[in-house]
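This briefing is meant to be read alongside the sequence and the coordinates.

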Amino acid sequence: MCVVQPRAKVGYENTEVPMRAALTLSLSLSLSLSLSLSLSLSLSLSCGSVECLVLLLKRGANPNYQDISGCTPLHLAARNGQKKCMGKLLEFNADVNICNNEGLTAIHWLAVNGRTELLHDLVQHVTNVDVEDAMGQTALHVACQNGHKTTVLCLLDSGADINRPNVSGATPLYFACSHGQRDTAQILLSRGAKYLADKNGVTPMDLCVQGGYGETCEILIQHHSRLFQTLIQMTQNEEMKESMLRQVLEYVSQQSDSHYQTILTSLAEVATTNGHKLLSLSSSYEAQMKSLLRIVRIFCHVFLLGPSSPNTGNDMGYNGNKTPRSQVFKMITRQMEVETVQKDECPWTGSAFFDPMELLWHSLDEWLVLISTELDRNRKNPSSSSSSSEIASLLLKQREAEHSGSTPSLPSLPSLLDPQTGMETEVYADGEDVISMTASRLSAVIQAFYMCCSCQMPQGMTSPRFIEFVCKHGEVLKCFVTRNPKIIFNHFHFLLECPELMSRFMHIIKGQPFKDRCEWFYEHLHAGQPDSDMVHRPVNENDILLIHRDSIFRSSCEMVSKSTNEKLKQGIAVRFHGEEGMGQGVVREWFDVLSNEIINPDYGLFTQSADGTTFQPNSNSSVNPDHLNYFQFAGQILGLALYHRQLVNIYFTRSFYKHILGIPVNYQDVSSIDPEYAKNLQWILDNDISDLGLELTFSVETDVFGAMEEMPLKLGGTSILVTQENKAEYVQLVTELRMTRAIQPQINAFLQGFHTFILPSLIQLFDEYELWFWEVVHSLTQEERVLLLQFVTGRVPHGGFAFLMGGSGLQKFSIAAMPFTSNLLPTSSTWDYMLSVTPRPVPQQPELRDRCCPALEGSVSLLSELMSHINMLKLPEYPSQEVLRDRLLVALHCGSYGYTMA
């Protein structure tokens, strides 16, 4: 610093300002030099130059200079792992205890990156190895979270507090478990770390399960055996993801046979407890139902992983005789017709792991027997009150047993105790009310029972024990679903896996709204699959279907055959050769164009029906040597489109829809391919042919590539005459020949491809009339769709058609099939009024007027008579889609002019 000597006052005032400026400049130069040296220090650390670092430190650079983030050169050296630079900084007295703006010291950085060799040098200069950052986290917290084993050991050896909590109460063990760091958790526990929850009560085990860290869970259990049961109890916690619980229990169960056995036995006991709670009306149905089914699903998942699984080939009470389930069903039904199985007998015994749940199944069986008995009494003597007294007696015994703390020997019947007053409420007077109170609860237990029975059987086999159960309690189950059809969709999933059982409930299922069945269909179709909404997103570049537009059929066939079915289920990605576009729009275009190619007459696969708008397999398709492969491919494309909710531009005949749905064809289906022939068959059925001299035999002439060949309808058919007595058989056999036998190989090949993606049990939820109907609706104009909705509902409700109302609340649009008779039009039911048709002025359009008038003349009932089923369209079983469309349009236009109150 320059010193200014005092001078004479003469001219002093003139020299004072320059002197001050010189002093300020001198100070600024000094500060700038210091700042430049410090900044240069940071730059030298960035490039890792030890020589520059030492030179700058010798020139006076501040080793503890903090940048805008509060980091010192030591922070930077630690972050970059520069050992020599750190050593030189320490020689020049760099302070290792300085925190940056986030409260991090240099050892925090070393812990983050696991620089153990640098940490050894640095901790010797640290006054407090447990220095905390802004969140109260020490270097040990950070090292445990990142799984740096040697760093954790170094910190512990340096005196780090193993149980030090951060601001939220999380210890280093908590941090290790939160990221599934098995090794660091092992080190901490072996060094005496305590098992502590944070301030919110979240434990290290909670974190392991939430993340699906089975290995870390196993470490915790090894050091704290009590956590085994804690893990089991977590299956009841609805906040825990079921997939993560499965993952953890799967790993733990595989560590030893004792673990496997203990997990299954414990889960069975928890399931039994939850099941009995579910059968008590004092419990929450929704919560207990979800808990029971969740536990049973996890139980079955773990069971199938072990040596007791039927898939391993071990004997678990199953005799290995893979009798088709249809035969099993018949044998059991026949057995039950001739003998009564003793109540306590269990003809099919499973693994011992299932034994704890036998008490629950026993309660379920007694419940259903009780309800069946009371319903029988009510039917025989509706005025009897004995049912009320017996049920009340049983419920009272259960309540007394619950209050005394003992386990009742009777089934776990629901309590009718008023939860607010503690007084026994009035017991209802008939068994119907018992069904209302218990149907959903019992159905959920039935679902659990089915899952347990199924996992003890080889894949594709239905448990004989469960079939017997359904046969025994069939009437009660039908009563359940009749009163509450939603039970089928919520709990009776077993119907989809056993067609023999589904046939008993099919009439109820098909009576449910189309939308509900669609939701059930896709729920089970996509079960176990990832989200399939993004059908255009490829798993990787190799999964893209590269299609040539000039040979779209063959290139698509080739690409689909190269891909696996599982990948196609997960998602579809299409790119046309030479084009860049991809996405859902391209996928939709591919399905649309390809569906037109499938019915291209050049391939000879499908022929047009008589109405010119629908198609069915060509009986002469064998002219193409690859026709069966192509039919299989066509089935795959239709199944794939349905799987991913894509539209295709193909309309099949009703008979082919029947083949897809597994429904037998009848003589009326012939009209779609040969209307005149169908009329002849109808005439034969309607008239006495005894004395007509038709001389028909059980054979027909068939055109095979231009040559007529006589084909017998059955063995020896060419010599069997058609008579009045056997004409119905003749008509049916002719129908089967024309509609089925003649194209059986084509049908089989198509269905083989279709069933790759759509199971037969799922598609049978629908019928051929619904498929036709929605295709017709799709072709209607906007005005015609409005007329349709008004026709069915009577009026447009306030708020739109989402708020259709019936007599007891919201009532959705529904469709019911009706037998077809000539000139019969669709009918509808609106609101709660009995309506009929009075002839009124008809439409002015000539084409509609010509069709309306014959329908109106002579028989008012030919148009819609509106019954008490609200918002329901009653659709006759028309022989073709074209007839359905024609009759529907007549009903819509005539109905809009002709309805009045009767």
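What share of the contacts in the protein with a separation of 6 or more is accounted for by residues 24 or more positions apart? In this predicted model, such residues account for 73% of those contacts. The points below are grouped by topic, beginning with the chain as a whole.

**Overall composition**
- The protein contains 39 helices and 13 strands, and of its 902 residues 48% count as buried.

**Nonpolar cores**
- The largest nonpolar core has 203 residues, among which F466, F480, F492, W590, F606, F652 and F750 touch the most other members.
- The element that gives the most to this core is helix α20, spanning residues 431-454, which provides 13 residues.
- When residues up to four places away in sequence are not counted, W590 touches L545, I547, I552, S556, V560, I572, V574, F576 and I637.

**The loop residue V129**
- V129 lies in the loop between α6 (116-122) and α7 (139-146), and because its relative accessibility is 11%, under the 20% limit, V129 counts as buried.
- Leaving aside neighbours within four places in sequence, V129 is in contact with I107, L155, S158, G159 and A160.
- Although V129 and L156 are 27 residues apart along the chain, their C-alpha atoms are separated by 9.4 Å.

**A nonpolar surface patch**
- W683, L692 and L694 together make a nonpolar surface patch of about 280 Å².
- Within that group, W683 is found in helix α32, which covers residues 675-686.
- W683 has a relative accessible area of 42%, and it is therefore classed as partly exposed, since this value falls between the 20% and 50% limits.

**Cysteines**
- The structure holds 0 disulfides.
- Are C52 and C471 buried or exposed, or in between? C52, at 39% relative accessibility, counts as partly exposed, whereas C471, at 15% relative accessibility, counts as buried because this value is under 20%.

Conventions: Residues numbered from 1 in each chain as written. Predicted model: local features only at pLDDT ≥ 70, side-chain atom pairs only at ≥ 80, totals over all residues. Heavy atoms only, no water. Disulfide = S-S within 2.5 Å. Buried < 20%, exposed > 50% of the residue type's maximum accessible area, 1.4 Å probe, protein only. Patch = residues over 30% accessible without salt bridge, like charges linked within 9 Å, V, L, I, M, F, W, Y side chains within 5 Å. Areas by Shrake-Rupley, 256 points an atom, 1.4 Å probe, with all protein chains shown as cover. Salt bridge = Lys/Arg side-chain N within 4 Å of Asp/Glu carboxyl O. Helix = DSSP H or I, 4+ residues; strand = E, 2+ residues; numbered from the N terminus. Contact = heavy atoms within 4.5 Å. Core = buried A, V, L, I, M, F, W, Y, C linked by side-chain atoms within 4.5 Å.
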